[in-house]
Amino acid sequence: MSEKNAVIETSDALVLDTAHIWHGILYGDAGVGKSTAFASMAAKERPITVAIFDALGKDIPYHLRGRSDATLLPDQFEDKWGTRYREVRDTSGNLLVRIEYYHDARYDAPEAVGRFRERINRLAKEYARGAMWGFILDSATSAALRFRKYDEYVENVGARNTMQHYGAETSEIENVVLLHLPQLPCTVGVAMHVSKTKVEAEGTMVRAPAVRGRNQENLATQWPEIYRVWVDKGEDGTKVRRFQTENDERWLATTVLGVPDGAVAGWKAIAKAF
């Protein structure tokens, strides 16, 4: 671990010794390129860990970071906690991405949420010993669905009011996305989809990341970087994925680092702001 990115370990916490990290949310419609933008962060000096809650196949952008042929997937393993994972490496064997899969074999006997709860408590110390550079949750939208089903089939079986399961989902997202992940001493990213409900931002009703209930209004208080990912057309007609980093009359977006509005979506645009 370089001195620039050092952390100080105390008896009860890991305290960041620098502000040279990125904590952000990328949101947008399905297939717009959120995972591709996150995958661009990975390099031999920047290995990332990705928690995949989205469906199988949504992990392909991370595989493409290590090879051009997405059909040649690396071997799959299982760790001692029962989580399946793959390691994406470059041609020299350097680790780029560790992809961890949080899926359930049976919808009525879910267990992925239990493994994920345990997993996130190890992230800060893994960063401290140099085992990873950043952590990505892909996506919070799919994680919320699994949180709700875990409450329905495991923790609150037989609830008379099914709205209790939605309440449990809201609380779990609050714990993970609003409280735990923003406090990690490493780069952290969360992929989210677009809310169908508009929220108020600077006196205007705008679209924002999809999150339920009270978490909608609290999201921007915990995340300094919130970018909408959208697709533009270049002068030659080719598609270009871009970041929206500033609020307008239609979309919520914010940046403390000053990442340019309209920048090409990817790590290069973010890194220039440090």
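Where is R122 found? I place R122 in the loop between α3 (112–120) and α4 (123–128); helices (H or I, at least four residues) and strands (E, at least two) are DSSP runs, numbered from the N terminus.

I note that this is a predicted model, where local features need pLDDT of at least 70, side-chain atom pairs count only at pLDDT 80 or more, and totals for chains, interfaces and linings use all residues. Residues are numbered from 1 along each chain as its sequence is written, and side-chain values use heavy atoms, with hydrogens and water left out.

Is R122 buried or exposed? R122 is buried, at 18% relative accessible area (buried is under 20%, with a 1.4 Å probe and protein chains only). Its side chain makes a polar contact with the side chain of E118 at 2.9 Å (a pair of N or O atoms within 3.5 Å, one able to donate a hydrogen and the other to accept it).

Next I checked helices α6 (residues 163–180) and α7 (residues 215–222). They pack at about 5 degrees, axes 11 Å apart (axes are lines fitted to C-alpha atoms over the stretch in contact; angles run from 0 to 180 degrees between N-to-C directions). They are therefore roughly parallel (under 35 degrees). T170, I173, E174, V177 and L178 of α6 meet N215, N218, L219 and Q222 of α7 (heavy atoms within 4.5 Å).

Last, the cores. The largest nonpolar core has 40 residues (buried Ala, Val, Leu, Ile, Met, Phe, Trp, Tyr and Cys, joined through side-chain atoms within 4.5 Å). F116, F135, L137, V177, L181 and W223 touch the most other members. Helix α5 gives the largest share, five residues.

Conventions:
Parallel < 35°, antiparallel > 145°, perpendicular 65-115°, else oblique. Buried < 20%, exposed > 50% of the residue type's maximum accessible area, 1.4 Å probe, protein only.
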